[in-house]
Amino acid sequence: MTKDTIINNFINEFCEKFNITLKEIRGKSRVSDINIRRKLLIYILRRVFQLTSKKVGLLVNRDHANVLHHTADFATLINIYDYHRELYEASLEFSVKYMHYISEIKSNKDSVKALLIEMLVGNDKKLTEQINNLIKQNG
């Protein structure tokens, strides 16, 4: 499973749990309930999943400046209103499993990177030895 697939699955579950459609998330409606849930999703994607504002914007059909505004706005709301904080905390409960999947992918990528680096360093030593042998033979 790729990170994009995991994020899309999270968004679908978010919509299901918060009784909102993806069309409403990506739409232009300014109805309070829709707007709050859209801001919450944007906040989670930015803060919890650490996606770029550009990536979040593509997912929710907003430009990056709008994403930054919604992120800051929701951060203020959860510090002031219990309702917004409770929504955020409820969303964190099921966000955890998606973060686990992403951390597994990152861990696997880090392992692969380490192996590649080890292989390259090993090959570099072999190449250096071969070059030195050629120099000795021709020198």
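Predicted model: local features only at pLDDT ≥ 70, side-chain atom pairs only at ≥ 80, totals over all residues.
Colleague: How many residues does helix 3 have, and what does it reach from its first C-alpha to its last?
Modeller: Helix 3 runs over residues 32-47, which gives 16 residues. At 1.5 Å a residue, a span of 22 Å is expected. The helix comes close to that value, for its 16 residues reach 22 Å.

Colleague: Why is helix 3 described as largely enclosed by the rest of the structure?
Modeller: A residue counts as buried when its relative accessible area is under 20%. Helix 3 is largely enclosed because the buried residues number 12 of the 16.

Colleague: Which residues does His70 touch, leaving out those up to four places away in sequence?
Modeller: His70 is placed in helix 5. Its relative accessibility is 8%, so His70 counts as buried. With residues up to four places away in sequence not counted, His70 touches Asn35, Lys39 and Ile42.

Colleague: Is Thr71 buried or exposed, and which residues does it touch beyond four places in sequence?
Modeller: Thr71 is another residue of helix 5. Its relative accessibility is 3%, and therefore Thr71 counts as buried. Apart from residues up to four places away in sequence, Thr71 touches Ile42, Tyr43, Arg46 and Arg47.

Colleague: Are helix 4 and helix 5 roughly parallel or roughly perpendicular to each other?
Modeller: The axes of helix 4 (residues 53-60) and helix 5 (residues 64-80) come within 8 Å. They cross at roughly 95°. Angles of 65 to 115 degrees count as roughly perpendicular. Helix 4 and helix 5 are therefore roughly perpendicular.

Colleague: Which residues make the contact of helix 4 with helix 5, and how do they divide into nonpolar, polar and charged?
Modeller: On helix 4 the contact is made by Ser53, Lys54, Val56 and Gly57. On helix 5 it is made by His64, Val67 and Leu68. These residues divide into three nonpolar, three polar and one charged.

Colleague: Where does Asn19 lie, and what is its phi?
Modeller: Asn19 is in the loop between helix 1 (3-17) and helix 2 (22-26). Its relative accessible area is 71%, so Asn19 is exposed. Although Asn19 is not a glycine, its phi is positive, at about 55°.

Colleague: Is Gln50 buried or exposed, and what value is its phi near?
Modeller: Gln50 is found in the loop between helix 3 and helix 4. With a relative accessible area of 65%, Gln50 is exposed. Gln50 is a residue other than glycine with a positive phi, and the value is near 55°.

Colleague: How far apart are the closest N and O atoms of Glu13 and Lys17?
Modeller: Glu13 and Lys17 both lie in helix 1, four residues apart, or about one turn of the helix. Residues three or four places apart point the same way because an α-helix has 3.6 residues a turn. Glu13 counts as buried, at 14% relative accessibility. The pair forms a salt bridge, with the closest N and O atoms at 3.7 Å.

Colleague: Which residue of helix 6 is paired with Glu13, and how many residues apart are the two?
Modeller: Lys97 forms a salt bridge with Glu13, the closest N and O atoms being 3.3 Å apart. The pair links distant parts of the chain, since Glu13 is in helix 1 and Lys97 is in helix 6 (residues 82-138). Lys97 is partly exposed, with a relative accessible area of 40%. The residue is Lys97, and the separation is 84 residues.

Colleague: Which residues are linked in a network of salt bridges?
Modeller: Glu13 forms a salt bridge with Lys17. Lys97 forms a salt bridge with Glu13. The linked residues are Glu13, Lys17 and Lys97.

Colleague: What separates the closest N and O atoms of Arg85 and Asp82, and how many salt bridges are counted?
Modeller: Arg85 and Asp82 are three residues apart in helix 6, about one turn of the helix. Arg85 counts as partly exposed at 28% relative accessibility, and Asp82 counts as partly exposed at 46%. Their salt bridge has its closest N and O atoms 2.3 Å apart. The count of salt bridges comes to five.

Definitions and conventions. Residues numbered from 1 in each chain as written. Heavy atoms only, no water. Expected span 1.5 Å × (residues − 1). Buried < 20%, exposed > 50% of the residue type's maximum accessible area, 1.4 Å probe, protein only. Axes fitted to C-alpha atoms, helices over the stretch in contact; angles between N-to-C directions. Parallel < 35°, antiparallel > 145°, perpendicular 65-115°, else oblique. Contact = heavy atoms within 4.5 Å. Nonpolar A, V, L, I, M, F, W, Y, C, P; charged D, E, K, R; others polar. Salt bridge = Lys/Arg side-chain N within 4 Å of Asp/Glu carboxyl O.
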